[in-house]
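Me: I am new to reading protein models. Can we go through the ligand site and the aromatic rings step by step?

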Amino acid sequence: MNIFTSMAEHDYEQLHFSQDGKTGLRAIIAIHDTTLGPALGGTRMWPYDGEREAVTDVLRLARGMTYKAAVAGLPLGGGKGVIIGDPAWDKSDGMLKSYGKFIDSLGGRYITAEDVGTSQRDMDIIRLETTHVTGYDPGQGGNGDPSPFTARGVYYGIKAAVKKFMGTESLKGLQVAVQGTGSVGLNLCRLLDREGALLRVTDINAGALQRTAGELGAVPVSPGEIYDLDCDIFAPCALGAVINDHTVSRLKCGIVAGAANNVLAEERHGEELHRRGIKYMPDYVINACGLINVAGEYLQYQGSDVEKKIAQIYDTALEVIAISEREGVPAYRAADMLAEARLGRTGPVPSPRGVQKVG
Ligand code: NAD
């Protein structure tokens, strides 16, 4: 792998490696862009199929964070960390402490948070070695689980799309299909249900599905069925890349708006939604409230500042729709254009999206 060529392709600032034979740590931190502030992004622990795959993933994810922070109007840049290993078998407190020292050695240019394969408890351990960490124990002043915040942002994104494309402020009687009733999905369903939306839900985890169906009276459907439902809104809140060659032609919804990162398997699927007249609310625009929550913790925002930023998702979503209409581009591209403008980048920078490896 030609690392400098990969970094130059999307103008990455730094790529850091750390290994610790004593604890088995093999970690990489990518800092994409600190134009707007220090780079904040979670740490993913995953049993990567080799170093090349880990480097590719950390670069892609770091760049996505730059765009997400810029569109959310945060004074932060984009970065990401990956630890190579199976979180179920390879993780130890010693390894996390060693990783904390690695983060600390970067002097605050990178700030971490939890991601796939890491947890709030892991952040508590990392915090023993560095202050550049968010999402730790609320008992210690952390903001804890970001999912309810993320759900609220997605809800605002849905409201903005419904207002713009359906001409109504109310979700009453609208048919919403929710894929994934985990932490974000369940919280989103509660918000939608409160407004009288009619919910059909799916999850591969029978317990999660039953909990949502039981609590809210949502209609459960099979995982395969969710793409074929005639509905107003499809809300993917499970995995990435679910809008792909196999699903895009099956969708019968008016709007796609959900929490899952990298919903489009490839950019061309965003073009296809646009061509078919399905309105897409770009994932990183409306799922940014988890980031806003941890950023607020690090930047010591007051609760009211965090609330203001969360509510802003509604206006940002409308702004993205306006750019899309004005420029005649699909919504995913309009979001990228907004981010690039805020970063002061000129020229056609391609989207930070790629085929998603994990959810
Ligand atoms: P979660 O693990 O709590 O929930 C995901 C749910 O999706 C699980 O219940 C899982 O069983 C289900 N699922 C997995 N594959 C499925 C499939 N093929 N069909 C139906 N259901 C399936 O995760 P979460 O925290 O709720 O996050 C959901 C999505 O939102 C993820 O893609 C995540 O990356 C993204 N996201 C989450 C946050 C956050 O604050 N948690 C922030 C930004 C983005």
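Reply: We take the ligand first, then the rings. This is a predicted model: local features need pLDDT of at least 70, side-chain atom pairs count only at pLDDT 80 or more, and totals for chains, interfaces and linings use all residues. Residues are numbered from 1 along each chain as its sequence is written, and side-chain values use heavy atoms, with hydrogens and water left out.

Me: Where is the ligand's oxygen 3.3 Å from a side chain?

Reply: A polar contact is a pair of N or O atoms within 3.5 Å. A side-chain N or O atom of Asn261 is 3.3 Å from a ligand oxygen atom. For Ala259, a backbone N or O atom lies 3.3 Å from an oxygen atom of the ligand.

Me: How do I read a pair of rings?

Reply: Use the distance of the centres and the angle of the planes. Rings of Phe, Tyr and Trp (its six-membered ring) pair if their centres lie within 6.5 Å; planes under 30 degrees apart count as stacked, over 60 as edge-to-face and the rest as tilted. The whole structure has four aromatic pairs. Tyr67 and Tyr284 have ring centres 6.3 Å apart and planes at 90°, so this pair is edge-to-face.

Me: Are Tyr67 and Tyr284 buried or exposed?

Reply: Both Tyr67 and Tyr284 are buried (under 20% relative accessible area; exposed is over 50%, partly exposed in between; 1.4 Å probe, protein chains only).

Definitions and conventions. Polar contact = N/O pair within 3.5 Å; in protein donor to acceptor, adjacent residues only side chain to side chain.
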